[in-house]
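Please read the numbered points beside the coordinates.

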Amino acid sequence: MTDPLAKILVADDEPDLRALLQRYLSDQGYTVRTVDGAGPLDVLLQRERFDVLVLDVMMPGEDGLAICRRLRAQGETIPILMLTARGDPVDRIVGLEMGADDYLPKPFNPRELLARIQAMVRRQRVLGAHTGPRQTGGRIAFGAFTLWLDERRLERNDGNDDHGAQDVPLTTGEFALLQALAQQPHRPLGRDRLIALAYGPDHTATDRSIDVQVMRLRKLIEADPAQPRHIRTVWGVGYVFLPDGSSPGGGRQP
């Protein structure tokens, strides 16, 4: 049964599709608001908290990709499901690189959209906060960073007394993946295993989406993302997390 408190924001310039999604998702127990572009979208995000943003790529003015990139740059962490025209793989890949959590090609079955939204809400509220074995004190320290598990935030402290510790904005998906990696230090993890640990066994994430999320995490936590110290690639396996940046040994490349 759908959580009646879950709120969905739909941004699409097609009136018929907005009306269809509002009616269908409302019938499933969600609170749904719809907008036709970036302006009203920004207003609602400033006024209300939403659990998922359904964002169409092809919109006049500021399109969905630009909106997604801007929101992430501003520190907005709402889970974003992007609607892509004709299932264009370029749109899907770019959307993930901009910070989207999932995507769905048009035309789509509303039941599939519902299933993806349910998974995103469930992951945000349950799986992302309770993944894998707990760490003592509810935190994991590595390099200049501290990952606070209970508070679900990443903190950076460069030792500069003038600025002190600063929060690093993470999307729900990025936090879940970083937590899954950090709770299995020095252990090479395949992409399928990472998907299960971070998002749950029923999630539809792909190997490519894991690679994109890792790329985004490296940009946030690595001094040189091209030569990562903490999230290393293990060829033929997947990735390994190294809190102290030491070499994992074996056939490893950044």
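1. The axes of helix H7 (residues 191–199) and helix H8 (residues 207–221) cross at roughly 70° and come within 10 Å. H7 is therefore roughly perpendicular to H8 (a term for angles of 65 to 115 degrees). Axes are lines fitted to C-alpha atoms, for helices over the stretch in contact, with angles from 0 to 180 degrees between N-to-C directions. Helices (H or I, at least four residues) and strands (E, at least two) are DSSP runs, numbered from the N terminus.

2. This is a predicted model: local features need pLDDT of at least 70, side-chain atom pairs count only at pLDDT 80 or more, and totals for chains, interfaces and linings use all residues. Residues are numbered from 1 along each chain as its sequence is written, and side-chain values use heavy atoms, without hydrogens and water.

3. On the H7 side, Arg191, Asp192, Leu194, Ile195 and Tyr199 meet Asp207, Ile210, Asp211 and Gln213 of H8 (contact means heavy atoms within 4.5 Å).

4. Lys106 and Pro107 are joined by a cis peptide bond, with omega near -10°. Pro107 lies in the loop between strand E5 (102–106) and helix H5 (110–125).

5. Most residues other than glycine have a negative phi, and most peptide bonds are trans. Arg152, in the loop between strand E7 (145–148) and strand E8 (153–156), has a positive phi near 55°. Its relative accessibility is 26%, so Arg152 counts as partly exposed (between buried, under 20% relative accessible area, and exposed, over 50%; 1.4 Å probe, protein chains only).

6. His186, not a glycine, has a positive phi of about 65°. His186 is found in the loop between helix H6 (172–182) and strand E10 (189–190), and is partly exposed at 47% relative accessible area.

Methods
Parallel < 35°, antiparallel > 145°, perpendicular 65-115°, else oblique.
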